[in-house]
Amino acid sequence: MRIGDVAPDFSLADQYGTVLTLSELCQSGPVVLFFYPAAMTSGCTKEACSFRDNAHAFQQLGAQRVGISMDDVARQSEFSTQHGFDYPLLSDSNGAVAAAYGVKRAIGFLKVKRTTFVINRDRTVRAIISSEINMNAHVERALEALTT
């Protein structure tokens with residue numbers, strides 16, 4: 001995936017079992033889609049909480065936050081409930097969406113590369129943020145991309 005590419009459409013269940021589709025989400029405004037390796041791990045918790053804690057900034061810009069990992073719906077639900085997330089956590093349990101976005105790892109405990117895509121209403125990729133170390137960089141750079 002590169003900036004300017006059309007983001008692959010998908011339909012996945014969120015933490016409540018509700019199926020969400022990227023193209024439908026984009027109708028309401030830009031989508032900040034962040035892939036994280038595993039629910040309830042320290043780095044992923046820090047990153048997801050940063051997205052939660054900056055809800056107002058994203059709302060001011062008309063953007064939606066959507067998390068996605070290869071965890072199943074039950075695990076996503078537990079993660080969301082435990083931390084009070086106010087946005088969807090999607091279950092890509094077979095990794096098909098991660099593969100389509102080029103972030104699925106071939107092997108290892110961390111099944112996906114920590115990557116955030118800022119996606120415009122027309123599904124074009126506006127920005128790609130990759131950082132395995134700085135969990136706050138995803139929020140900071142996504143907000144920057146939404147304001148430029």
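This text walks through a strand hairpin and then the aromatic rings of a predicted model.

Strand 6 covers residues 115-119, and strand 7 covers residues 125-130. The two run antiparallel, and 5 bridges join them. Look across the pair at Phe117. In strand 7, Ile128 stands opposite Phe117. Between the two strands of this hairpin lie 5 residues. Within the hairpin, Arg123 has a positive phi near 70 degrees.

Now turn to the aromatic rings. A pair of rings is described by the distance of the centres and the angle of the planes. Searching the whole structure gives 11 aromatic pairs. One of them joins Phe34 and Tyr36. Their ring centres are 5.8 Å apart, and their planes meet at 35 degrees, so the pair is tilted. Phe34 and Tyr36 are both buried.

Phe35 pairs with Tyr101. Here the ring centres are 5.5 Å apart and the planes stand at 45 degrees, so this pair is tilted. Phe35 has 1% relative accessibility, so Phe35 counts as buried. Tyr101 has a relative accessible area of 2%, so Tyr101 is buried.

Finally, return to Phe34 and Tyr36. Both belong to one aromatic cluster. Phe51, Phe58, Phe79, Phe85 and Tyr87 belong to that cluster with them.

Methods: Residues numbered from 1 in each chain as written. Predicted model: local features only at pLDDT ≥ 70, side-chain atom pairs only at ≥ 80, totals over all residues. Heavy atoms only, no water. Pairing = 2+ DSSP bridges. Helix = DSSP H or I, 4+ residues; strand = E, 2+ residues; numbered from the N terminus. Phe/Tyr/Trp six-rings, centres within 6.5 Å; stacked < 30°, edge-to-face > 60°. Buried < 20%, exposed > 50% of the residue type's maximum accessible area, 1.4 Å probe, protein only.
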